[in-house]
Amino acid sequence: MAKQYETLPRRKVRYWLFRFRTEAEGGPKATGAPRGMRKYFEEQEGFGGWIDFAVTWDVNPEEPLQIVPRRFSVWEEWDATLNMVLRDMPGVDTSGSEADVL
Amino acid sequence: MAKIVDPDSLNQNTEVYIYTDVKAIQLVEAGNLSDTDPGAESGVTGQALYSFLKEEWQSDSDLNVLKFPIKMIYEAQFEFQNDWLLGDSDGTKDAQSIDLIRDAGFRVANNNENYAVIVSLGSFATDVDLAYYQQVQGFDQPTTDFDKSGEINEPVLISDSDNDLTGYLKLFLREYAKLYDEYNLLDEQGLSSLTYAAYKLPLANEADINVSTVDSDIEADSDLATMTIDYITGNLFATHDPASDYVTLDVVYATDADAGDRWYRADTDISNTSDNPSTDANWVAYPGEKQVGTAYYAYNRIIDFKNIAKEDPYQWVQWQLRLDTDINDNVACDSYGTVNGNVAKDMLYWVGDKLTTRPGVFIANHNANDQNDIDLYDITVDGGGLDTDGVALTSTKRQYPFVAAGNMVFSTNLVADCDAVYWMYFETAAFGNYNSSDAVLVKDQNGSDITGSITAQNISFTFDYDYATDGGRTPGSDAPVAVAAMGLDSAEWVDATFTITRATGLSFPVNAADERNYSNP
């Protein structure tokens, strides 16, 4: 009989992986996670710790229970996107213009 | 916890509740979603929320019977549409849900609310540093604290059905013992108005090594309590032109020989002005005029240091700039009005050991020992006047003439001799060398001869290095001097030669032999 987590779609698998990551960061416990799912990933080759989920490793788009490495974290990818659409603005200058020095 | 940027971090009925009956979406601090400080490290991006809702709409038959709630315009801007809003199960606007949005400004069409999201760039010294903002220009206008401390990433309501606050947004970061920062979003980024979008802007701070006294001690210090800040009204700051018309409070610099290169302020609207404002009743002396060296310059914020050494007054000023009360002491009884400290323009900063003023700020009654360590930035004539905050558009550094200073250090037999006296002469001078009948006494910065009784081992002296011409001296040059001293009963006559250089902390030791022969029984 298939385990509960084996039938989850990728987005739901990743949801619980994010919850495990949040818990490892000191956030709420991942209550209600599919039984055995945490252990299944922790025993896989390529598991880099929960803090590094979505940072250095993720799950295969085609095989959501298979770990694959990430080149950039989801946050780095988002920052790159945001930087493209929002201009970096110049620094604050409240000192006025400075002419010659006596 | 981390900011949610991936829609897979969200789950219906954990982080996101969708109330179809009242068309409300509620974001809840649960599971992967947090609203902790700093805002840059919590919440959920608009794009992640949008992407999550799309996936839910695809798979949830209770949802896809309804029109979709969000129109995403681009990554940093979206709208709640089709009567949806961020609300609770009653369909009431939910402030917590709004606080959780990151990286995207948004509009809620059904209640006509528009939110800009402010994203700060740069580091805050600590995550407890709390920035605040002002949405109506004016030194008497209130401020609002950001919801979360630390680096900013949070929505600010910029307009609704009752208020339009899209024309001004200024951020401040002023914390005890930290350097101050501020940012006028529309001015700095050349915007005509704000819209519901994300705005990145620089705002950062770091430790201020020149502040160490706690606020309560600054406030309780009776000497500092006598200090004042005076704001002076005036506009224009241009060279006086008799052919021009002027309006009340225009400030001019009159270079006519009779006017004496001084500053004047129009007391009324003026046309056909005279050549000489000093004798024209329509003009009054500008109260912000200050003499630095031999010339007069214009300033519009005067801080009276009350002769206190500069380190403590700086801390007092920094404290004043965090008060939400009026800091304009109105010493000149001008009509500048209320200036709340927490929105007043920054006034002082340090360049090494030099206390430096922002444009238009003058330090009055500084301690004499600080004279060489103060740089004053004026309102430069014909420099375009002032900006909308009253800050000079063009400013020039003005410095007091350099005062050389030091101590004559007398031997103990001179100090012990009640009749001991000293003289400081120019060793070589155009009008007469030392050891001649025309010898010239050196004068201190106040014009007094450097001579007197020896009452202590260290007797200080000052010297107007940049301007003194006594004895035909060339100003700004090193001055060779001789210090002669003598007692009666205890110390013989002695002299020693030194050079006054462009420095402070000079030390001239004068050691007399013990007197063994003087007698006057």
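Between chain A and chain B of this predicted model, 13 residue pairs, both members at pLDDT 80 or more, are in polar contact. A polar contact is a pair of N or O atoms within 3.5 Å; within protein, one must be able to donate a hydrogen and the other to accept it, and residues adjacent in sequence count only if both atoms are side-chain atoms. On the side of chain A that touches chain B, the elements giving two or more residues are α1 (10-24), α3 (74-85) and β3 (97-98) of chain A; helices (H or I, at least four residues) and strands (E, at least two) are DSSP runs, numbered from the N terminus. The most is given by α1(A), with nine residues. By class, this side of chain A comprises 15 nonpolar, nine polar and 13 charged residues, where Ala, Val, Leu, Ile, Met, Phe, Trp, Tyr, Cys and Pro count as nonpolar, Asp, Glu, Lys and Arg as charged, and the others, Gly among them, as polar.

The contact (heavy atoms within 4.5 Å) involves 37 residues from chain A and 47 residues from chain B. The size of an interface is often given as the accessible area lost when the parts come together. Here the buried area, that is, the accessible area (1.4 Å probe) that two parts lose on being put together, summed over both, is about 3500 Å², with carbon and sulfur atoms giving 54%. Four salt bridges are found across the interface of chain A and chain B, a salt bridge being a side-chain nitrogen of Lys or Arg within 4 Å of a carboxyl oxygen of Asp or Glu. A:Arg11 pairs in this way with B:Glu55, their closest N and O atoms lying 2.8 Å apart.

Over all chains, the whole structure holds 35 salt bridges. In one of chain B, the closest N and O atoms of B:Asp373 and B:Lys310 are 4.0 Å apart. B:Asp373 lies in the loop between β26 (361-364) and β27 (374-377) of chain B and B:Lys310 in the loop between β23 (301-304) and α5 (311-320) of chain B, so this pair ties together parts 63 residues apart in sequence.

Three cavities of 30 Å³ or more were found in the whole structure. On a 1 Å grid over the protein atoms alone, a cavity is a set of points where a 1.4 Å probe fits but cannot get out, and lining residues have an atom within 4 Å of a point. The largest cavity holds about 60 Å³ of space, and residues of both chains line it, including A:Phe18, A:Trp75, B:Ile4 and B:Asn32. To this lining α1(A) gives the most, with three residues. The second largest cavity holds about 40 Å³; its lining has five nonpolar, no polar and three charged residues, among them B:Tyr231, B:Arg301 and B:Asp389.

Two backbone features were noted in chain B. The peptide bond from B:Asp37 to B:Pro38 is cis, with omega near -10°, and B:Pro38 is found in the loop between β2 (24-27) and β3 (44-45) of chain B. B:Asn13, in the segment before β1 (16-19) of chain B, has a positive phi near 70°.

Residues are numbered from 1 along each chain as its sequence is written, and chains are lettered from A in the order in which they are written. Local features need pLDDT of at least 70 and side-chain atom pairs count only at pLDDT 80 or more, whereas totals for chains, interfaces and linings use all residues; side-chain values use heavy atoms, with hydrogens and water left out.

Conventions: On a 1 Å grid over the protein atoms alone, a cavity is a set of points where a 1.4 Å probe fits but cannot get out, and a pocket is an open set with protein on both sides within 12 Å along at least five of seven lines; lining residues have an atom within 4 Å of a point. Grid points are joined across faces, edges and corners, and a volume is the space filled by probe spheres set on the points.
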